[in-house]
Amino acid sequence: MKLHLKKHWRIWLLALFMVMSTVALFAPIGGEGGILGPADDDENAAGSQYTNLQFGLELSGGTQVRAPFVGMTVSGLEFEPDEESEIESVLQEELRLSSGDVRADFEEQSVEVFDDSEVGNTTRADFAAALRAAGFDTTESDVRMGVTADTRAGVEDVLNERLRERGLGGGTASQVSAPGQQFMVVEVPGANRTEVINLIGDRGQVEIWALYPGENNTYETQSLLDQSDLADIGQAQQQEGDTFVPIRLNEQAGARFGDAMRANGFDEQGGTQCAYDLERSLDENMDDNPGRCLLTVLDGEVVFAAGIAPDLASSFASGAFDESPSYRTTTTSFEDARELEINMRAGALRTELDIENRGTTFFLLPSLAEQFKPLSLLTGATAVLAVAFMVFLRYRKPEVAAPMLLTAAAEVYILLGFAAAVGLPLDLSHIAGFIAVIGTGVDDLVIIADEIMQQGDVRTSKVFESRFRKAFWVIGAAAATTIIAMSPLAVLSLGDLQGFAIVTIVGVLIGVLITRPAYGDILRILVLGDKR
Amino acid sequence: MDASVPKVDYTEYTNRQLVVIPLGLLAVALGILAVATVVTGTPVALGIEFTGGTEMQVVTTDSPAEIEATFDGEVQSITPIAGQANTYQLTFQADDADPIIEQAEAADYEIESVGERSASFAADSQRQALLGLAIAFAGMALLVALMFRTFVPSLAVIASAFSDIMIPLALMRLFNIELTLGTVAALLMLIGYSVDSDLLLNNHILRRHGDFYTSTFRAMRTGVTMTVTSIAAMVVMTVVAYLLGIPLLPDVGLILVFGLLADLMNTYLLNVSLLRYYKYEGIAK
């Protein structure tokens with residue numbers, strides 16, 4: 001039997017796609033990882049060891065958190081770059097928010113607050129009123145829930161950085177938008193829920209404060225440093241019972257820090273003694289004469305306090321510190337040191353995610369999820385066997401039924417190749433989609449078979465092509481309706497359903513354009529004895 | 001076993017006789033949904049994806065009554081998972097999972113999965129899913145109308161697709177299957193499957209030469225094979241996935257079985273009689 005390139009081009013096209021799919025599935029090119037990190041994340045990696053397929057949470061286990069951003073935005077305002085800080089301070093005053101919770105951006109001509117009625121106390125009406133106080137003509141209906149695109153992108157970057165730093169390979173944070181709302185979806189294969197929420201739930205604003213007795217011996221605090229002042233951050237370390245993160249400040253911050261130390265008596269010989277009690281509040285400590293301390297503050301909460309070691313104090317005094325501004329931020333445990341390091345490196349989130357009130361979380365035990373992989377394969381296989389049985393009953397001709405099954409299988413194979421090529425993480429919803437595709441596929445193959453094998457000869461190409469076209473009208477029309485029916489889901493953000501819709505649409509396209517036409521050609525050769 | 005598709009002699013029945021069964025069933029389905037809406041507030045029971053709440057799968061040797069006592073808050077449902085001994089699916093109305101997880105851990109339950117969905121998010125999902133279904137249906141209807149450009153044949157396809165969705169919804173209510181994202185997917189898939197056989201029938205009757213009954217029989221031979229094959233595949237998938245304890249797939253499968261059965265009836269009773277009316281009376285006028 002010879003396959004003519006021109007006459008049987010449909011079969012050749014199918015073969016080409018089968019080869020491409022094989023390459024996408026098994027070739028070790030660029031596949032290892034895909035969206036995964038480097039190879040040392042093997043333990044957490046959600047990929048398969050045999051193929052380039054990626055598996056989603058439902059088939060690999062792990063945690064997914066999906067939550068909106070805390071904040072409100074008013075855009076389309078008109079102000080100059082030098083007005084930014086004035087607007088911010090008016091809003092801070094009016095809404096009683098801290099400086100980190102208000103942001104005016106000239107580039108986007110927008111003002112946002114990172115507080116809303118769900119998390120915090122600021123309502124849309126409050127925000128509009130505060131903007132009126134700042135001289136804008138804003139009404140409540142101008143206030144949009146959510147934050148600017150710039151802020152969202154920033155949060156996405158920081159979260160991804162945190163996941164990388166924590167070594168949660170394969171974990172990803174990505175933005176998803178639904179009509180009128182934007183969400184952040186964080187998926188971490190292999191991780192449990194608490195671990196993930198702890199990692200992404202906090203703003204992670206690290207500051208270093210100085211605590212010292214001022215006039216009349218009442219204690220004062222001064223914020224000296226935050227993440228942006230650090231030039232270099234070392235690895236969290238443990239040495240002789242001390243756990244710490246070595247840091248080096250950039251030049252300006254070094255000089256500013258040295259000045260502040262000298263101005264407030266931190267340069268006294270022999271260092272300073274610090275009696276700060278972490279169990280008690282800052283105010284209580286300030287009433288209790290704690291001595292001069294450097295406080296490490298995470299999201300406004302004092303997490304560590306220490307005095308100044310003698311050699312560091314003398315380097316403040318001599319000004320040597322200003323030249324080479326590095327020191328160790330000490331912590332209570334190695335775990336804390338690690339967290340501090342990650343926060344320093346990844347930077348702070350401009351706003352938080354509201355997981356508690358408006359979020360969803362999902363956790364699936366990895367060992368259970370692992371079982372779903374072979375089991376869902378088995379389910380799919382039995383469904384195919386059922387189809388095979390029915391088709392044999394109806395046609396009683398292996399040369400009609402066998403290619404039908406092979407074609408349906410080829411469709412799934414190409415679809416899997418597509419999933420591997422684009423790095424689509426497979427979930428149960430995708431498996432349901434695969435089964436849907438097999439279903440519509442077999443329907444179409446039955447239509448083709450019945451149409452082509454109706455009574456009368458198919459000796460000439462003309463007759464064959466005419467019958468093929470007739471069959472194709474129904475197939476094409478049905479495919480178009482399926483695609484139309486699925487397309488809203490591919491766009492709407494309904495989690496699971498999006499994957500299902502995408503697989504079904506792509507599967508139907510592959511079927512209609514590649515595999516199902518090829519079946520027509522195969523039938524022509526096998527059944528109609530067309531050997532020419 | 002004879003696998004050939006039976007030949008129905010449609011000439012023996014009037015259009016009115018043919019239409020009465022599908023329309024009657026559709027009316028019953030709509031009635032069930034209407035009553036359910038009045039009584040419970042929603043036409044079908046909603047899963048936590050659409051109501052908010054917490055869903056947890058645990059492994060424990062405790063009995064359901066003991067499980068109930070383990071948690072402070074009310075446990076909305078406790079369902080054993082088929083195929084896995086001592087495994088239960090628990091649902092809670094509370095949408096804060098933390099205390100529930102703590103209590104489960106304190107009782108030494110092994111937590112296999114936890115899903116938590118806040119009420120406001122769930123309300124959004126509900127709106128979006130409804131919107132998705134509506135757009136999908138409208139898109140399908142528009143496309144069908146464009147393809148046939150005549151009223152009765154388009155109506156025949158659209159009406160049977162509508163009924164193919166409503167009957168499974170009513171059955172969901174009767175069997176108490178919750179509407180989840182998976183079952184919404186199945187309902188959407190039904191739009192595609194349902195239109196398949198209707199298009200085939202319309203195509204054979206309207207676009208081919210030959211007598212009405214011969215065309216109908218040819219379309220039926222192909223169409224019934226298609227639908228029955230799909231039903232077989234879905235029955236097998238439902239049973240196997242249920243026995244193996246795989247979530248999502250049994251619900252999807254069952255809804256499709258309902259819908260495809262409804263489709264057999266709607267295509268070959270409702271659609272056929274509408275087309276016969278169109279062919280013999282609609283055009284003649």
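Helix α11 (residues 334–346) of chain A lies across β9, β14 and β15 of chain A and runs at about 110 degrees to β9(A); helices (H or I, at least four residues) and strands (E, at least two) are DSSP runs, numbered from the N terminus. Angles run from 0 to 180 degrees between N-to-C directions, and axes are lines fitted to C-alpha atoms, for helices over the stretch in contact. The model is predicted, local features need pLDDT of at least 70, and side-chain atom pairs count only at pLDDT 80 or more, whereas totals for chains, interfaces and linings use all residues. Residues are numbered from 1 along each chain as its sequence is written, while chains are lettered from A and ligands numbered from 1 in the order in which they are written.

- Four strands of chain A form an open, antiparallel sheet in the order β10-β9-β14-β15, where two strands pair if DSSP finds at least two bridges between them.
- Because β10 (219–226) and β15 (301–306) of chain A stand at the edges with a single partner strand each, one side of each is left without a neighbour in the sheet.
- From one strand to the next, the twist averages 30 degrees.
- Strand β9 (residues 206–213) of chain A pairs with β10(A) in the antiparallel sense over seven bridges, and A:Tyr212 has A:Glu220 in β10(A) as its bridge partner.
- Helix α7 (residues 251–263) of chain A also packs on this sheet, touching β9 and β10 of chain A, and its direction makes about 165 degrees with that of β10(A); residues are in contact if their C-beta atoms, placed from the backbone, lie within 7 Å.

**A second sheet in chain A**

- Another open sheet of four strands in chain A has the order β4-β5-β3-β6, and its pairing is antiparallel.
- The edge strands here are β4 (102–105) and β6 (144–145) of chain A, each of which pairs on one side only.
- Strand β3 (residues 72–75) of chain A pairs with β6(A) in the antiparallel sense over two bridges, and A:Met72 stands opposite A:Met145 in β6(A).
- Helix α3 (residues 84–95) of chain A packs on the sheet, where it touches β4 and β5 (110–113) of chain A, and its direction makes about 155 degrees with that of β4(A).

**Domains of chain A**

- Chain A is divided into domain 1 (9–30 + 367–526), domain 2 (63–67 + 150–157 + 164–202 + 352–362), domain 3 (71–145) and domain 4 (206–346), with bounds that come from an automatic or database domain assignment.
- Between the C-alpha centres of domain 1 and domain 2 of chain A there are 35 Å.

**A helix pair in chain A**

- The axes of helix α14 (residues 398–422) and helix α15 (residues 428–452) of chain A come within 10 Å and cross at roughly 145 degrees.
- Residues that make this contact include A:Val400, A:Met404 and A:Leu415 of α14(A), together with A:Phe434, A:Val437 and A:Ala449 of α15(A).
- The contact residues divide into 11 nonpolar, two polar and one charged, where Ala, Val, Leu, Ile, Met, Phe, Trp, Tyr, Cys and Pro count as nonpolar, Asp, Glu, Lys and Arg as charged, and the others, Gly among them, as polar.

**Where chain A meets chain B**

- The contact takes 57 residues from chain A and 57 residues from chain B.
- On the side of chain A that touches chain B, elements giving two or more residues include β17 (360–364), α16 (461–491) and α17 (496–526) of chain A, while the largest share, 14 residues, comes from α13(A).
- That side of chain A divides into 37 nonpolar, 14 polar and six charged residues.
- β17(A) pairs with strand β4 (residues 110–117) of chain B in the antiparallel sense over five bridges, and the bridge partner of A:Thr361 in β4(B) is B:Glu116.

**Chain B as a whole**

- Chain B has nine helices and four strands, and its C-alpha atoms fill a box of roughly 75 × 45 × 30 Å, taken along the principal axes.
- Of the 285 residues in chain B, 49% are buried; a residue is buried if 20 or more other C-beta atoms lie within 10 Å of its own, exposed if 12 or fewer, and partly exposed in between, with C-beta atoms placed from the backbone.

**Positive phi values in chain A**

- A:Arg96, in the loop between α3 and β4 of chain A, has a positive phi near 50 degrees although it is not glycine, and A:Arg96 is partly exposed because 13 other C-beta atoms lie within 10 Å.
- A:Asn289, in the loop between α8 (282–286) and β14 (293–298) of chain A, likewise has a positive phi of about 50 degrees without being a glycine, and A:Asn289 counts as exposed because it has 10 C-beta neighbours inside 10 Å.

Methods. Contact = placed C-beta atoms within 7 Å.
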